Structures are given as C-alpha cells and as structure tokens.
Amino acid sequence: MKFPLSWLREHLETTATVTELTDTLTRIGLELEGVADRGAALAPFRIAHVVEAVQHPNADRLRACKVDAGDGKLVSVVCGAPNARTGMKAVFAPPGSFIPGTGVTLKVGEIRGVQSAGMLLSMREMGLGEDHDGIVDLPADAPVGEAYADWAKLSDPVIDISVTPNRGDALSVRGVARDLAAAGFGTLKPWAAPAVPAVFSSAVRWDIQHPACPWILGRTVRGVKNGPSPQWLADRLTAIGLRPINALVDITNFFTFDLGRPLHVFDADKIAGGILTLRAGAGETFLALNNKEYTVAAEDCVIADASGVQSLAGVIGGAASGCEADTTTVFLECALFDPIRVALTGRRHQIVSDARQRFERGIDPALLPDAVEAAAQMIIDLCGGEASDVVSAGAEPAWQRTATLRFERLAGLGGLDVPQDEAVASLQALGFGVVARDAASVTVSVPSWRNDIAAATELDPGPGLDPARAAAAAKGRDAVEAEADLVEEVLRLKGLDAVPPVSLTVAGPVPQATLTPRQTRAALARRTLAAQGLTECVSFSFMAMAQAALFAPTDPALTLSNPIAADLDQLRPTPVASLALAAARNAARGFADVALCEVGAAFRGITPEAQPLVAAGVRAGSTPRNWLAPARGVDAMDAKADCLAVLAALGVPMEALSITADAPGFYHPGQSGTVRQGPKTVLATFGALHPRVLSGLDITGPVVACEVYLDAIPEPKRRRKGVPDLPAFMPLRRDFAFLVDTSVTAEAVLRAARGAERTLIAGVALFDAYQGDKVEAGKKSLAVEVTFQPRERTLTDAEIEAASAKVAAAVEKATGGRLR
Amino acid sequence: MTDDLLALKHQTEAALAAAADLRAWDAIRVGVLGKSGSLTALLKELGKVAPDQRRERGAALNQLKDALAEAIEARRVALDAAALEARLASERMDVTLPPRPAQPGLIHPISRTMEEMAAIFGAMGFAVAEGPDIESDWHNFGALNIPAHHPARADHDTFYLPPAVPGAAPPVLRTHTSPVQARAMLERGLPFRVVAPGRTYRADHDATHSPMFHQIEGLALGRDITLGHLKGCLIDFLRTFFGISNLPVRFRSSYFPFTEPSMEVDIGWNRKTGELGGGGDWLEILGSGMVHPKVLANCGIDPSVWQGFAFGMGVERVTMLKHGIPDLRPFYDSDIRWLRHYGFNPLASAMLHEGV
C-alpha cells in the first residue's frame, strides 16, 4: 500500500525522520517496498518570472524571453511554447539540470542567433503528466525563486509498504499510523466522525436477501454538484497511483485508503424502484466500472435494483448506476461483507480491486456508522447538498471478544521476557482494552479493527485422524491460539531482534544418522553415477506431452490443468526423458557427446507410491577421441555398466541378479535389458534408446540410457561378513570357446559353467564373443575363462582335465554349445 | 710377470675395450678363460715348467687370472649398463601426450547445497524427511491453515492436476516443502526435528522465478522450544553454511498462515558487490516462525503441550549467494558447459569434519 508522508502526518503526530519511520515499518511487519520521492527529480526547477517574451528575430515559431529565476539576474531563454508571454510565472530549468520528460541534460546554447541559457518547462517535460500544449502557466502569486516541487507539494515522499494478508487494518493510512504510534514513533491523532444532520428521508432503501451481507448502511445526499476534486484530494490520490475521476468517486477512494473503509456511491436517480437488494446472482451480465462485463452466478452476492444488477458486492461497482459529472443526488453505500465470499467472488471473476483486497481481509465492523457520517460530511463539503437519514438493513454483528495472555508465555513461546507493564502498554497502544489483570496474566478486549486476533476459525483436521487425538488437539488449540496472537503483537512492537538467540541442544554429543537408508541410497546413487563420468542435472519434472508420449503412454491424471507453457504440461514418465531432452539441447549447442544423470521422481500416478525415485543416466554420441583409445559410439553396454555400478554401490548382491530382454518400450527392443532380483523385482533397466524416440526428439544418436529404481532396492543386510576365503593354493585359469546357437545368451553359458563344479570353480568370465565368417551360420562363439581354485592341494593334470570336461559337459547340456 | 703373460694381459684388455656388445665380450671371455682359452692353456702347461720356476710362474698366472677375470666382469657391467641405456633411449615416449580419457562426472550445485544443509542441520539433531511432489490440497494448504478462500492462496500460483473425481479438490504440485511438516507431524513421535529439502512448483516463469525450484523446510517440535531457539538455530546454520562467523542476521516480524509469531530473516550483504557479510544492506533469505496452534491441531498435536518452530528457505537462492551464481534459469537447463563450470566433485561430499 502506498501513502505520502503528508497523509500519514494527518493521523500521526511525529518528529521521526522518514528513515526512522520506514525502518520501523519493516521491523514491525509492515515491510517497506520503497520510498518514491518525486521531488528529488524536480529539485533544480524553480518558479520564475518571465520579464519579457518577444518574437524571436529569426524564427516565426519561437519566442525570445528574459527570465528572472529569483536571483535578480535576467537570463535569456528561447522558448517554442505558444503560451509564453510577458509577465507570466513559469517553471525554469537552469543549464546543467536533467529534464525527466526528455532525458536530456541542459546546456547553454544558441538558437538561431539568440542565446538560450535554460528552459521553461511543460508538465510533460517534468514527468508530471501528458500536458505539452504549452509551458506551465502558474498563478500570478507563485513565489519567484522557490523550488517548484516544494510549492507544488511534490517533495512529499510516497511510502510503499507490503501488507500481509492478516492485516486488513493496515491497508489504511490510519492503521499504519496506529502501528507506528504503538511502536513508539509518535502519537496517533484523535479522530471523531462529525454528526451530519438528516434533513429528509432517503428514497433509496436496503433489502438483504443474501448471507454474505450481515449489515449495510446507506444515506442519500441531494442537491450535490459533482465535478473535479479539489487539488488536495486529487494530489493525494495521484500520489498513491489513483486517477482522480470526480469528487464523489474520489471521496469513496479517499476513505478506502484513509480508514480502510471501502464505500460505494450510486447515482440515486439511476436506481430503479427505490430498493437496492443484496441477493444471489442469477446469471445476469452487467458492465462494471472497469468497463468489463461480468456474468454473475448464484455463488455471487450482488446489489440489484428493479432494473438488474448494479454492483458485485464488495468487489466492484456497476457502470450503469455510477456517479458522473451530472449526478445531483447520490446514494452512499457502506457495507459489511463476508470476507470469504468476497474472496471467492473476486477470484472467480479475477477482479483485483481495492475494495476486494480490504473486504477479504476483513474490515472494521464497528466503523460503519462513523464512516457514513464522515463521508456524508465530505460530500457536502466538496459538492454541497444535504443529507438524508441513514437507512440500514441487517445489524452490527457481535464482534466483541477477549483474549488472555499469561505473561510467562512471552518468554515461554516468544523467547523474550518482556516486562509485564510494557507488554500491557503495547497492547493498549494497539487499541486493546484491559478487561482484567493479575500477577500472572492479562485479559484484553480485542479492538474492532483487528479481525486477525482471537478470530473464530475452523480447524481442518487431517483425514483419518484419530477422533480422540483430534479432539485433544482442538481443545489445546482453543486454549492457546489467541494467546499466541498476543505474544506476536507484543514481540512485534518490541522488535524480534531483541529476542536472544539460543542454540539448540542435542540429545547426545554425537548426532544420530541424519538420512534414512532410502535417502542414503539416493545420495550414493548420485555420487556413483557422477563417479562413472555422468554429470548430474536437475531438470523440470514436467515436459511437453508429445515428448512424454515418446517414453510412455501419457496419463491425463498427470497433465497439468494450468501449465505455464505448452511445452511444460505433462509430468515426466521417467527422468530419462528429461535427460534425453537435455542431451538434445546440448547437441544443438554443439556438444553432442555428453553423459548426464539425474536422481528424481518418475510420475506414474498421483499417490506418493506412484512417484518413485529413479536414478537415471543418459550417454549420447561418442567416447572422446584419443590416440590410445579410438573414439567409438556409446552403446547399451555403457548404460549397463552405469546401472550395475549403482546397484553394486548400493550393496545389491550382484551374483543374484538376472538380466532379461524385456525393457520398457522407449528402448531399442534388441539392445536393452531389465535387471531383476528374483522373478518379480525389477531393479533397473538399460539400453539404447528406440530409433523412434531419437527421431521424435530430433537427435541423431546414438543415445543410451539406464534407470535404477531406488525404491525397489531392498535394504542391505547389516549382518557382519563371514571369514574371508583365502586359499593357500594358486588358482588355475583355463579358457573355453563354445560354439552355440545365436539365440543362446551369454548368461546361460556363464551360469552353466559356474555350476559345473561349485566347490572348485571360483569364477567364470566371458572374454570374447564372435559371430561371423569364421563360424557356421546361426552360430556364435563365446569364449570364457574359468578359474579353478584348489583348496587341499595342487591339482593334478588328470584332475584339471576332469574338471574341464565337466565344464564342457555342463555348458553343452544347458545350451547345446560345443567346444570349438 | 713374464713377457708372454704381460702380452696376454695387454692383448685381452685391448680386446675387451674393443668389444662393443655382449657377444664380442663373451668370445673374449671364452678365448681367455674358457676350456681351451689362452690363459687356461697356460695354466695347463704349468706342470711342464721346471720345478724351480713353477712356484713363481704359478703365482704370476694366478695373479693374471684374477686380473683378467676382474677386467672381464668390469667390461660386462659396463656393457650391460650401456645396453640398458640404449634400451631406455629407444623406449623414450613423448610424455606430453594426453593419457587415456577419463571424463569425470560432477554433482549439481543444488544437490551439493542440499547435502551441506543435511550435514549442518544433522549436527543440530535434525533428520531428513520427505514427501511427494504431487500433494493433496489438504497437505499443501488445509493442514497449514490456508483454507480455500485465503488470500495467501492467490500468492502461491499453484499448478493443479485434474481432480480424481469431479468436484473433489484437485491434487497440486506442492507449492512449498511445508506439506512435509504435516506428514512428519502425523507420522512421527514427539519430540522431533526434521528438515525436508525438495522440489517445489509455482506457475511463475521469468528471470528470477522458475516454475520448479527447491526449498528446504525445517520443523522442530518439543515442549519448550521457543522463538529464541529458532533464532539460534538459523544463525548457527547461516553462519556455518556461508562460512562467515560474524554474518549479520536480522529478524523482522511478518506473517505466514502456518506460523505465529512469524518472522522473515535477512542477512547482511553489499548490494553493489554481492558480497555477503558487510556492506550495510539486507537481503531477505527465508521465512520462519513458531508453528501455528491450528497447524499443530490439524495434524493431531495438542498445542497446549507441544510447541516448536518451522522455517522454509530457497535452496537456489542460498546456492547462488554462496557461489556467486548470477542467473537462476541455467540451474535447470542442463547445459554441459554450465554444469562443468559449477559442478562439484562427487568424491568430495559435504562432511562437517572436512568442512562444508
């Protein structure tokens, strides 16, 4: 909210500087957004006397002027304004000054042979408006030599604060003044409404037929002459960024900001039928004061006359019954509306108005009668006329309530032992009244304007909460909520910097583990992938639906209802999709060879379980070119190595894993696999991306990827390791090359070989795979190295032969493979 | 030594000196000391020498044999050394050639910051808690005292998903990490302290706002935790995290629906240089407060018995400040050049004993 310092001083008697005031506002929760000092840019401009203005000797459209800017010296100024004339008072800019409207710094110059040592300014040149028909023509009594900004009251800093949603009362200059006074920076000036005599009976009446309006007042003023507001009012509204419209409308805007009391004025002659009814909308369309049409629904509370909807209650008035320059009879509306309904109506119609902002935060329910008097008085003062009686409907709601503060809670909750008298004085300065006080506590009445204190609001207990637990919690809340409100008020005025910081104590000298095993898995997976050479990314969880569809059928439940951009509308089915897009972006920048990883959620549904954590990796392009190791395209085995590295790091028993060729559809069906532990648990997938995915993402490839499902990995068993197997005898290694059908998997051969002689065979490793001219069609050669580990004694040649024969037999039995 | 022995000595020495390699050297060795070598022949003939000269001749021969054996061995060592020299010279490589490539991977700055946060808050007795990105309306708003009509909702720029059944409150992408507070309160035994780092979403996209970003939530509940503890905890964290032991920290009254009293926290910095610490300017860095009694009650905790504090902090914000990263948007762009510039060594994880 904005207000000029002079307006604040109408309510606050203070000697504090602007900085003291703004620092205090920030400290007590009315955070300063900025201070605009319009006078600063106008500082060099002075009121000047145009002693002489004659036709320029060499130019038809220019005038040669002699100007006195207060120092008695005559300055020659060439001026192009048609209204420059001898004897006028104008605004003079000396050489060296910066002209805000043109962005030029003035220099002494010569225009067609006549010296020009300065400039006479228009409003537009001063940045004060659009008026550029001529130079500013000041009244004859304007004091020559005085700074224009001071004379025009523009050197009045405008303070802008952000008001938090709980502080409807601070959306008024008086509310801000009250807080500053309570914080010790001045005295709140008394304010009392005048009493405006009622000379006739209002022809317009209220009828409430909607629960959104508990109480509404109105008053007719007849015989008014509407027109432009006086300068002081227009200046105030201009200073806070409002456009003066006409006196009647400006008066309502004045009270909105002065007292936080939105008002509305109807042109009484345009009200049909004499009764304004507060009722539910019925699908009618009406033109609002912002020149937009709105169709009101049953959830909206409207103000209607016999001809239809005239206003959206608490949000915006209608154009049809608004006050214009020719209005002679005005009907003033001063209402109380339900904050929630105003908020919902405002949001539904997407109308942000000063009235809505205040009604939805709650306004002072006790202020209505006084506001009607004050507004009627100002209407009569500015527009003349006489007032009717006050008409009303509904009744003042029972807003009175009390709150109790146990003094020990200031330290017990707030951490600061504020002296009791000081705490009570703070509350009183804010308008709380002491109802009762003893050594341990004080009970105060809550001022009518503080809707946020000790407010009766509903709890929203968690679904499925145990009723007994919920009831105990609700009881506790009733006992302490209002007290917390009061602790906050006292601390706010005292300043939170006064609260001494206390370091947390820990239960023991050494902290417990901070991460759960699941969190540790994620951290370890991230580090392992990075150590594998993949660089970690953090990418958006959403992407374009068409691109998401390349990876999995898109679920409409995971399509954002209000995406911020068309290419960010679908939650990603796997982080691989994000990484593949990242690889494509990098390729487009000239970096086709990248290795990227991400640990993040895959989205399969809206429940927590359907958002599993996935460690994903993507490699694109080729390995680096090097004189020792030639570059090669990345392949599925790179991705397999990445995911196996993660699984090994996470303590998965690697010998128990099996690989099946049934990876998700975004992979190349012939170059991808699924890593399983047991028949059901899928731990990881890997492979080359499907060519359709590559062309869909516009990447040339190759691109390979892997995903590790971190939530599927069982907790590693924390048991102690057994004694290590350290035989005293040298192991023996023998190579076997098997000719098998091309359909036989390496895993089948390795598994068979390993099982041939369990006690003797310590390891089996595949070191060559060949398919081509040198073997018959339909066959391939798989070469494995088998490690025999003797335990009792060195093996004899015969024993080695026997064991080798068992290996060959076992492989042949399992796969049909024959030794080459 | 007689002339013939002397001649043999000189002759052998000259031959050894001329031997260029081990093959020539071996021929000399065999020619002198071998079975039919010249010196061996002389020794065999010793028996034929007159007895009165035999002793003298024998001594001279033995002396010559020792001298030649020594000379031959010395030559072998010299030839070995020369051969090794030659081999080493032939095996010389250009050691300025690049080694086999090993492109290291790196950790994203956001992950790094979240690790550091876990380490620091861990030392203060906090555990890390988690919650899903897609949240129910109740977890994200209702539990936290933000009912449907609340003005604060408008500030949240919430992303919505289609409601599960028509008319039901639609699921949301969590707008803050605060829903983890609700989950922790419902699930954990009291007292407890948790921090919850994670992804958050708001429908806002410009130079300083991203539709996805990260926050860390803190929640400490006990019987006697006060606002003083909140201040102490945050000051301890901020000074450790930024590595500035006297970092100015300022606390201002504010409002959040889920805390009371509420405060915003500023740190001292220099607006012109961006340096933290001195400079006289203040930079808002996080929001915090004592947990609102309604929030505790909504989550089944009796606020007349239990109380505590909560805070929420932007992860990107503090990361940018700590490392002088000027722009928010590249965090999510996965530009390999940016990642290589700002990424962290995966083997140097954040550990207090190594310094965060």
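This is a predicted model: local features need pLDDT of at least 70, side-chain atom pairs count only at pLDDT 80 or more; totals for chains, interfaces and linings use all residues.

A:Leu750 sits in helix H19 of chain A, which covers residues 746-754. Which residues does A:Leu750 touch, leaving out those up to four places away in sequence? They are A:Val764, A:Leu766 and A:Val784. There is also A:Val811, which is 61 residues away from A:Leu750 in sequence, with 8.2 Å between the two C-alpha atoms.

Now chain A as a whole. Chain A contains 20 helices and 42 strands. Its radius of gyration is 41 Å, whereas the globule rule gives 28 Å for 820 residues, so chain A is more spread out than a compact globule. Along the principal axes, the C-alpha atoms of chain A fill a box of roughly 125 × 85 × 60 Å. Of the 820 residues in chain A, 45% are buried. If we take the contacts in chain A between residues at least 6 apart in sequence, 70% of them join residues at least 24 apart.

Next, the interface. On the chain B side, 89 residues are in contact with 98 residues of chain A. Which element gives the largest share of that side of chain B? That is helix H9 of chain B, residues 227-242, with eight residues. By residue type, the side of chain B that touches chain A has 53 nonpolar, 23 polar and 13 charged residues.

Staying with chain B, there are two domains: domain 1 runs over 3-90 and domain 2 over 109-354. Their centres, taken over C-alpha atoms, are 90 Å apart.

Last, helix H11 of chain B, residues 315-323. The buried residues in this helix are B:Val315, B:Glu316, B:Val318 and B:Thr319. Why do they count as lying on the same side of H11(B)? Because they cover an arc of only 165° around the axis. As a reminder, an α-helix has 3.6 residues a turn, so residues three or four places apart point the same way. What covers the buried residues of H11(B)? The cover includes helix H5 (109-123) and H9 of chain B, along with strands S4 (192-201), S5 (212-222), S8 (281-291) and S9 (307-314) of chain B. Just after H11(B) comes B:Gly324, with a positive phi of about 65°.

That is what I have for today.

Conventions:
Residues are numbered from 1 along each chain as its sequence is written. Chains are lettered from A and ligands numbered from 1 in the order in which they are written. Helices (H or I, at least four residues) and strands (E, at least two) are DSSP runs, numbered from the N terminus. Two residues are in contact if their C-beta atoms, placed from the backbone, lie within 7 Å. Ala, Val, Leu, Ile, Met, Phe, Trp, Tyr, Cys and Pro count as nonpolar, Asp, Glu, Lys and Arg as charged, and the others, Gly among them, as polar. A residue is buried if 20 or more other C-beta atoms lie within 10 Å of its own, exposed if 12 or fewer, and partly exposed in between; C-beta atoms are placed from the backbone. The arc is that of the directions from the helix axis to the C-beta atoms. Domain bounds come from an automatic or database domain assignment. The radius of gyration is taken over C-alpha atoms; the globule rule is 2.2 Å times the number of residues to the power 0.38.
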